[in-house]
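Subject: Structure for your files

Dear colleague,

Here is the structure I said I would pass on. My notes on it follow below.

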Protein chains: 2
Amino acid sequence: MSTAIILVSGGLDSCVTAAIAARTHALAFLHLNYQQRTQGREYQAFCELADHFAVEQRLVVDVGFMRQIGGSSLVDSSIPVPTNPESGVPNTYVPFRNANLLGISVAWAETIGASTVWIGAHQEESAYPDCRSEFIEAYNRMVKQGTRPDTDIEVCAPLIALDKAAIIARGLDLQAPLDLTWSCYQSETLACGRCASCRMRLGGFAAHGSIDPIPYIGED
Amino acid sequence: MSTAIILVSGGLDSCVTAAIAARTHALAFLHLNYQQRTQGREYQAFCELADHFAVEQRLVVDVGFMRQIGGSSLVDSSIPVPTNPESGVPNTYVPFRNANLLGISVAWAETIGASTVWIGAHQEESAYPDCRSEFIEAYNRMVKQGTRPDTDIEVCAPLIALDKAAIIARGLDLQAPLDLTWSCYQSETLACGRCASCRMRLGGFAAHGSIDPIPYIGED
């Protein structure tokens with residue numbers, strides 16, 4: 001059974017991605033801490049997901065350079081997190097984020113001999129240029145050129161064509177532990193329910209016709 | 001005059017790359033500290049080169065994840081630095097290093113509005129998979145897909161086809177401050193003259209028929 005590295009933010013998408021990969025691979029979990037607002041809560045979700053999937057190989061990497069570089073409300077607290085959809089690329093876009101996250105993943109894959117790297121990106125977030133299948137395909141062509149000739153590492157993005165409701169459906173089918181995940185961009189105790197990420201998550205559950213298992217501010 | 005980000009390790013290649021870019025661009029210098037053996041000396045060279053080129057926009061980023069990931073004698077002190085050429089990919093190869101260095105550079109370019117990112121990679125080091133023109137070309141295609149649609153960032157590798165003697169010739173033509181550079185993988189005071197990087201540098205000066213301006217261990 002070959003090893004799959006899963007980029008696990010702690011959110012819904014990475015949880016479902018891990019559940020998909022777990023059917024055919026041994027799992028290694030990679031978490032990137034970029035000093036985002038909800039860093040502690042996301043790390044807690046990462047640990048609980050890793051325990052759930054009984055993952056032994058875990059790597060937590062600090063990518064503080066994303067805060068140094070700035071340019072996004074997720075890493076620059078002087079920029080407010082939007083609550084309503086914006087036109088164009090949202091201010092939550094972290095410049096070239098997925099390329100950087102995948103770069104670290106592929107380096108780890110090359111070192112530990114993993115065959116694949118999995119990311120929960122999906123095109124519903126297609127206003128982010130690095131969440132499109134064209135990007136993943138171009139990334140894979142670059143990986144072939146930039147790694148040792150005796151390796152054959154592939155980036156897999158199994159959710160790329162799914163919307164949030166379909167991702168939730170997939171997760172429920174696979175009995176993925178959605179209750180352990182965290183998506184809120186704003187809060188670390190109860191999810192705010194108002195930020196762009198909460199709205200997308202809640203919209204997905206509503207469209208799927210099921211109830212989000214995590215608690216939100218203002219619920220009884 | 002558009003801005004060029006130069007990846008400046010502090011070595012000969014990045015110095016000559018900066019001298020080439022300086023003819024047509026305003027310069028921004030990026031230095032990546034990956035806790036390599038000679039980190040302090042390389043940072044000194046970076047600062048002296050930035051002063052020489054009067055660069056105001058400077059960014060120094062810690063990429064400690066390279067040490068966490070390991071897999072190279074440059075970042076893992078338990079692996080000896082080779083003194084003789086090895087067959088295949090040398091143990092000084094840091095897995096997927098250039099992809100990671102370029103990823104940070106492109107993120108900074110997207111944030112500050114730089115048009116180009118320059119790297120001193122060259123194919124004489126072609127045993128490193130990420131020092132070949134095929135890699136740079138594939139990287140550029142990926143950048144087009146992974147950055148905001150209103151950007152057009154290009155990675156430039158002007159030394160890619162040159163050998164060390166030709167790089168030195170180019171640097172001397174442009175009056176690049178080769179005396180401020182540092183290449184040794186092993187030592188931080190006087191260059192060791194024996195590691196793979198010193199050998200390549202000294203071989204280049206010998207082939208060019210000129211004298212390396214930096215001091216070496218054992219010289220009078």
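This is a predicted model: local features need pLDDT of at least 70, side-chain atom pairs count only at pLDDT 80 or more; totals for chains, interfaces and linings use all residues.

Two strands count as paired if DSSP finds at least two bridges between them.

Strand β1 of chain B (residues 3-7) pairs with two other strands. Five bridges connect β1(B) with β2(B) (residues 26-33), and these two strands run parallel. Within that pairing, B:Ile5 lies opposite B:Ala28. Three bridges connect β1(B) with β4(B) (residues 116-118), again in parallel; here B:Ile6 has B:Trp118 as its bridge partner. Four of the five residues of β1(B) are buried, so the strand is largely enclosed by the rest of the structure.

As for the interface, 35 residues of chain B are in contact with 36 residues of chain A. On the chain B side, β3 (57-62), α3 (65-69), α4 (97-112) and α5 (133-146) each supply at least two residues. The most comes from α4(B), with 10 residues. By type, the chain B side divides into 18 nonpolar, 11 polar and six charged residues. Of the interface residues of chain B, 100% are also interface residues in chain A, so the copies meet through the same surface.

Regards

How values were computed:
Residues are numbered from 1 along each chain as its sequence is written. Chains are lettered from A and ligands numbered from 1 in the order in which they are written. Two residues are in contact if their C-beta atoms, placed from the backbone, lie within 7 Å. A residue is buried if 20 or more other C-beta atoms lie within 10 Å of its own, exposed if 12 or fewer, and partly exposed in between; C-beta atoms are placed from the backbone. Ala, Val, Leu, Ile, Met, Phe, Trp, Tyr, Cys and Pro count as nonpolar, Asp, Glu, Lys and Arg as charged, and the others, Gly among them, as polar.
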